[in-house]
Amino acid sequence: ISINQNRETIRVAQGDEDLQAMKAGAMLRKVKSRSWKKQRHFRLQEDGQTIWYKSRWAGTGHSTFSVADVDVVREGHQSEILLSIADEFPADLCFTLVFCGRRSNLDLVAESASEAQVWIRGVRKLIQNTKSMNDKERLDQWIWDWFQKADKNKDGRMNFKEVRTLLKMMNVDMNEEYALRLFTVRLPSSSTSGCLENEEFVQFYKMLTEREDVWRVFQDYSRDGQILTLAELEDFLKQEQQEGERSLEHAQELIDRYEPSENAKKHGAMSIDGFQMYLVSPEGAILDPQLLALHQDMSQPLSHYFICSSHNTYLMDDQLRGQSSQEAYIQALKRGCRCVEVDCWDGPNGEPVVYHGHTFTSKILFRDVITTLAEYAFKVSEFPVILSLENHCSMEQQRVMAQLLDTILGDTLLRAPLDRLVPQELPSPQDLKGKVLLKAKKIGGVEESETLTDEVTDEVSDEDEADPKSLSAEALRLNDKKSKFSRELSDLVVYCKSVHFHSFEYSRQHSKCYEMSSFSESKARKLAKDTGAEFVRHNSRQLSRVYPSGMRTDSSNYNPQELWNVGCQIVALNFQTAGPEMDLNDGLFSQNGCCGYVLKPDFMRNDDSFDPERPQDRNVCFASFICNVISGQQLPKVNHKEGSIVDPLVRVEIYGVFQDQAKQETSYIDNNGFNPLWNETLNFIVHVPELALVRFVVEDYDKSSRNDFMGQFTVPFTCIQPGYRHIHLLSKDGTAIPLSSLFVNIKISELTTEV
């Protein structure tokens, strides 16, 4: 590791005209609305990773963001805000920085087209550089960032006072005498300034980050304490990582891939550095990288999959006054969402609008929503998107909707059954690749569509019908009326016809495979508790959609696990609201290529009478899950406690059938977020591993109030790799926290009877 390498990277960057211009700075307009457009001075910092900006009247006050947090740069009027000022500023002056996670976009206007291009090209280069970094380069960058932060007087050296500041920034509460001893050890004998320079700082950092926990594991298998031979590494993979026949072949692959010493490689051995690099790599992570890729059978009926689904997708915030935005659809689709919702109402000038009816949420055009869907539907996943239509429009505007769907979506819109055959079972995601399926009311069935009249009278919408308690007085009055549905819109509904749910017995005798019902969370939860086995059987043949209660005006979410337990496929959540519920959703759909479809367990796809309330009736083994929480690395500070050092604890939570719901936690460690050591073991019994999710949470302990969230990671139980593993933590928004992890030892075994 060498800070000089980072300086060399920066020197090379200085040869790039765009990046040089960004370092010189420019006045750009920051735009928040049509009326809020203010000039700010933007400048790329010397580290080549941070962009700084401030108002000309802000004095010393300023804001910054890291290029690593920027997902993509969009040119022109590619946001609603920039579109709203298109008459004032031409497209060639405008661009948008789209951030990872739920952070709002940054809309900017340059003084000239050439200046806009400098920033567009420059930020794109920096994003590409960041994404192309390997693990070592990221670590180098991280060390350089800390050096820059601690070097307050920017003289390229650090005195002891700056080192003490650095330790606090890094979440380390170290005895001053010990810190001074470490500092002094690394001072060169020739130093007259009493300061650490480049390489001394690197050595100081390496002393801070020495991993005794990893060293102990290494020593357990290394005969000479210096290297792991090929046979010793193979033994480690067999005994600890529970790898089978492949252990020898894999051991050689790991040496080739992670061992930095050419001499050790030549002798077929692994040093402690290579061993640690393996353990912090994706191969050493808790989530099996082979299961991250698309690997499941995608040729089964749609009803056999859990489908990543969003509720009120258009909203960026709450259900009463929140902003409606096309950006919300983009963000949901980028997260693998395969079922989006559109609430349609009559708008001015014959144009249907999308918003949360009878509230103060803002309105967007139906046309713009469908245009966004056409552009982004298949960028992350090629499997079908279900467009859940809540239709409150007049006949005239329904016809406009049908025309817009037809013209904008073109061939991606499914208009007829595959092969023109009446379906006996739903087609598969594989069959429907690249298709948009409309979910709405339909006049008659697929078989009868050629012989029906042009309109029908029926209820207003699925959600209004199913959850009348959540409606306003005006909505209830409207719901008492009957609304007509146009033939043009009806004909676009093929495999997702919305129908009223009567009973499981009625559905078994009368319902078609392409008919589906929507349930409020309370109704679905009651059915799951009272008639769980029947719900599972129903969901093996037909689709079910569950949505949050209308009382959740703050856009909060319910626990989706309860509905996955009975096989409900479309469990719709408010994607805009971070929290444990979205962590579970992200965890479940992190597997199988993040394609938005996860194959249900086989006992939920056939006629077996699986009852989630009585999983012990299954003639299968339970699982013993033992998690030794060893240590943490570079845990994040809590935002509103910048001056303090955290007291971290780890909680392991199991989500699954009722008998599997459990949580246990470690003790807390005083004043150490940098390298806390717990070495505590937590034990669980898991009755239905195929449905279980495991959530690892790190919190800052507070004896006088609720603990503060620091990071989490959620993984399907069946995707866990046993052995010594690192858990790379995510923020509340679901974005990675650089270099922040837990080190654990996982043991999983089968139990024939419950212990």
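**Basis and confidence**

The model is predicted, and local features are taken from residues with pLDDT of at least 70, side-chain atom pairs count only at pLDDT 80 or more, and totals for chains, interfaces and linings use all residues. The average pLDDT (the predictor's confidence in each residue, from 0 to 100) is 89 for the protein, and 89% of the residues score at least 70.

**Overall make-up**

The protein holds 25 helices and 30 strands, which are DSSP runs numbered from the N terminus (helices H or I, at least four residues; strands E, at least two). Of its 755 residues, 54% are buried, where buried means under 20% relative accessible area, exposed over 50% and partly exposed in between, with a 1.4 Å probe and protein chains only. Among the contacts between residues at least 6 apart in sequence, 68% join residues at least 24 apart.

**The annotated site**

An unreviewed UniProt entry lists N312, E341, D343 and E390 under "binding site". These residues are spread over 79 residues of sequence, yet they cluster in space, with a largest C-alpha distance of 9.7 Å. UniProt positions follow the numbering used here, feature names are shortened, and annotations may be inferred rather than shown by experiment. E341 belongs to strand β11 (residues 339-345) and is buried, its relative accessible area being 0%. A polar atom of the E341 side chain lies 2.6 Å from the backbone nitrogen of N312. E390, in strand β14 (residues 385-391), is likewise counted as buried, at 2% relative accessibility.

**Helix α22**

Which residues of helix α22 (residues 521-530) are buried? They are E521, A524, L527 and A528. Viewed down the axis of α22, the buried residues fall within an arc of 130 degrees, so they line one face of the helix; the arc is that of the directions from the helix axis to the C-beta atoms. These buried residues pack against α21 (504-510), β19 (515-520), α23 (532-539), β20 (544-547) and α24 (561-564). The face of α22 turned away from the buried side carries the exposed residues K526, K529 and D530.

Key
Residues numbered from 1 in each chain as written. Heavy atoms only, no water. Polar contact = N/O pair within 3.5 Å; in protein donor to acceptor, adjacent residues only side chain to side chain. Contact = heavy atoms within 4.5 Å.
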